[in-house]
Amino acid sequence: MNNDQIHNYNASSKQTEATEHDAVNNRFIAKKVPEIAYCLSCRSPFGNSLPNDIIQHYMDQRHEPCCRCLYCNGPMYRYKDSKDEVQFYHDCHRSKRFLDNS
């Protein structure tokens, strides 16, 4: 394309105004319903809307581990998610640096 063709193409193409949601899918901006999980170690419910909620729950108080990690031998914990399915919590990085109360 020469310069005249580029200029004509740019002039003829339609440009619309950008909105704040142009590049964001609705699933990323929609509010999530808060999920509640149930800790099988301390037998108490806790919020489970974000991954940090799980970390915070196990960091705030001491829990009895259900088993040990095969890689780092750190403690692993069980909880039931909002769908009543058993899930495990463990983070090798946090465990190796003694960041959780275990």
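A residue is called buried when its relative accessible area is under 20%, exposed when it is over 50%, and partly exposed in between, using a 1.4 Å probe and protein chains only. Helices (H or I, at least four residues) and strands (E, at least two) are DSSP runs, numbered from the N terminus.

The model is predicted: local features need pLDDT of at least 70, side-chain atom pairs count only at pLDDT 80 or more, and totals for chains, interfaces and linings use all residues. Residues are numbered from 1 along each chain as its sequence is written, and side-chain values use heavy atoms, with hydrogens and water left out.

**Helix H3**

Helix H3 spans residues 51–60, and its buried residues are Ile-54, Ile-55, His-57 and Tyr-58. These residues lie on the same side of H3, because they cover an arc of only 160° around the axis. The arc is taken from the directions from the helix axis to the C-beta atoms. An α-helix has 3.6 residues a turn, so residues three or four places apart point the same way.

The buried residues of H3 pack against strands S1 (36–39), S2 (45–47), S4 (75–80) and S5 (86–89), and against helix H4 (92–96). Contact here means heavy atoms within 4.5 Å. Ile-55, for instance, is in contact with Tyr-89 and Arg-94 when its neighbours within four places in sequence are left aside.

**Aromatic pairs**

The structure holds 5 aromatic pairs. Rings of Phe, Tyr and Trp (its six-membered ring) pair if their centres lie within 6.5 Å; planes under 30 degrees apart count as stacked, over 60 as edge-to-face and the rest as tilted. Two of the pairs involve Tyr-58.

| Pair | Centre to centre | Angle between planes | Type |
|---|---|---|---|
| Phe-46 and Tyr-58 | 6.1 Å | 75° | edge-to-face |
| Tyr-58 and Tyr-77 | 4.8 Å | 15° | stacked |

The pair of Phe-46, in strand S2, and Tyr-58, in helix H3, links distant parts of the chain, 12 residues apart. Tyr-77 lies in strand S4, so its pair with Tyr-58 ties together parts that are 19 residues apart in sequence. Phe-46 is buried. Tyr-58 also counts as buried, at 0% relative accessibility, and so does Tyr-77, at 2%. Phe-46, Tyr-58, Tyr-77, Tyr-79 and Tyr-89 form one aromatic cluster.

**The nonpolar core**

A nonpolar core is a set of buried Ala, Val, Leu, Ile, Met, Phe, Trp, Tyr and Cys residues joined through side-chain atoms within 4.5 Å. The largest one has 9 residues: Ala-37, Cys-39, Phe-46, Ile-54, Ile-55, Tyr-58, Tyr-77, Tyr-79 and Tyr-89. S1, H3 and S4 each supply at least two residues of this core, and H3 gives the most, with 3 residues. In soluble globular proteins, nonpolar side chains tend to be buried together.

**Cysteines**

The structure holds 0 disulfides, a disulfide being a pair of cysteine sulfur atoms within 2.5 Å. Cys-72 is in no disulfide, and the nearest cysteine sulfur, that of Cys-92, is 3.7 Å away. The cysteine sulfur closest to that of Cys-92 is in Cys-69, at 3.7 Å, too far for a bond. Cys-72 is partly exposed at 21% relative accessibility, and Cys-92 is partly exposed with a relative accessible area of 24%.

**Loop residues with positive phi**

Asn-73 is not a glycine, yet its phi is positive, near 65°. Asn-73 is found in the loop between strand S3 (67–68) and S4. Asp-84 is not a glycine either and has a positive phi of about 65°. Asp-84 sits in the loop between S4 and S5 and counts as exposed, at 54% relative accessibility.
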